[in-house]
Amino acid sequence: MHQVELKKIKIKAEKEIKEADSLKKLDEIFREYLGQKGILSNLTKSLSKLPKKKRASFGKEINAFKVELEMALEKKKKLLKERLEKEMMEKEWIDVTLPGKKIVPGHLHPLTQVQREVGEIFQQMGFSIVEGPEIETEWYNFDALNIPKDHPARDFWDTLYLKRPKSTLKLKILLRTHTSPVQVRFMEKNHPPLRIIVPGRVFRHEATDARHEINFHQVEGLMVDKRVSLANFRAIVEEFFLRFFNKKVKIRLRPSFFPFTEPSLEVDISCPSCDGKKKCSFCQNKGWLEVMGAGMVHPNVFKNSGLNPRDWRGFAFGMGLERLTMVKYKINDIRLFYSGDLRFLTQF
Ligand code: FA5
């Protein structure tokens, strides 16, 4: 009776192993037959009910079947694993000869690039880069720079004033119209000799056109020492333009007026596009381009910064970063910088 039963179990187990198509299924078969409460374990327990004579031989048969079953399961497991690996390899096959996906990296805005370049050139000449607040008080933007209230010079700059809560200080606040207030801020806290440049954003309530924006950038320069003269200024800016344009450009200093410098100058450079030959549309056949305002620091500015004007001399200048970038790359409309137009931006 037991032999017949064992035979049936063997046939069933063989069939199940043959049909098993996953490792999970094989696991279930293992538990069904060889587990603690599995079929073979039950058969072994039932040995005690057999007559002594048959017990030993049937026990041997069960053990042999156990070994046979374990081997069959192991073999099938190996087979299934191999099949699985093969399937995975086929699914995940990569053709390394295919061209890769092109990554288009972003890059710095042309104004940022030029601002950094300007900074590096001045740093090589011993200047430090300093920053100041974009929201300024009337004092730093005007009064400290020798532009008193009701003075007509204040109209040079179309100022955007800001509202402030009534409860706080009476000082008016505004969006700075130039980077010159940082001259005073820096001299208040740092004793000369000093050489700084101040790149930064400025704001003016102006009508926009190809050369004017309401929001643009300036780079302020300030050098203060015992004996600084316009000759030093000329040498420094000439060296700056030589490095910036990678060629020698001529410089022309014209008398001008700024309340915070005396004397004041307007600085022109020979057009790098036609080398001053008056033969290009960029300089409108003039051969010269206006690039910055400058002058010797006014004694009142030293006083307002807590320095004795008898002890110190200094020059200051302020140039428009957009205008400078336009000259370098022959850009004819300032509004392109803020257009977000990729056809323009990707050229840099
Ligand atoms: C000033 O702002 C002075 N603070 C410059 C200065 C500094 C003089 C130190 C003396 C000593 P001005 O308003 O000219 O000056 O502006 C300086 C430069 O900013 C100009 O030469 C021009 O390049 C640029 N600029 C002026 N207005 C605009 C505008 N609306 N859009 C773009 N660039 C402008």
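A polar contact here is a pair of N or O atoms within 3.5 Å; within protein, one must be able to donate a hydrogen and the other to accept it, and residues adjacent in sequence count only if both atoms are side-chain atoms. Keep that in mind for the table below.

This is a predicted model, where local features need pLDDT of at least 70, side-chain atom pairs count only at pLDDT 80 or more, and totals for chains, interfaces and linings use all residues. Residues are numbered from 1 along each chain as its sequence is written, and side-chain values use heavy atoms, with hydrogens and water left out.

**Around the ligand**

There are 24 residues around the ligand, and His178, Ser180, Arg204, Glu206 and Glu213 come nearest (near means a heavy atom within 4 Å).

| Residue | Residue atom | Ligand atom | Distance |
|---|---|---|---|
| His178 | polar side-chain atom | nitrogen | 2.9 Å |
| Glu213 | polar backbone atom | nitrogen | 3.0 Å |
| Gly320 | backbone N or O atom | oxygen | 3.3 Å |

On its own, the ligand has 680 Å² of accessible area, and the protein covers 93% of that (Shrake-Rupley method, 1.4 Å probe). Sorted by class, the shell holds 9 nonpolar, 9 polar and 6 charged residues; Gly counts as polar, while Asp, Glu, Lys and Arg are the charged ones and Ala, Val, Leu, Ile, Met, Phe, Trp, Tyr, Cys and Pro the nonpolar ones.

**The strands**

Which strand gives the most to the shell around the ligand? That's strand 10, with 4 residues (strands are DSSP runs of E, at least two residues, numbered from the N terminus). Strand 10 covers 313-320.
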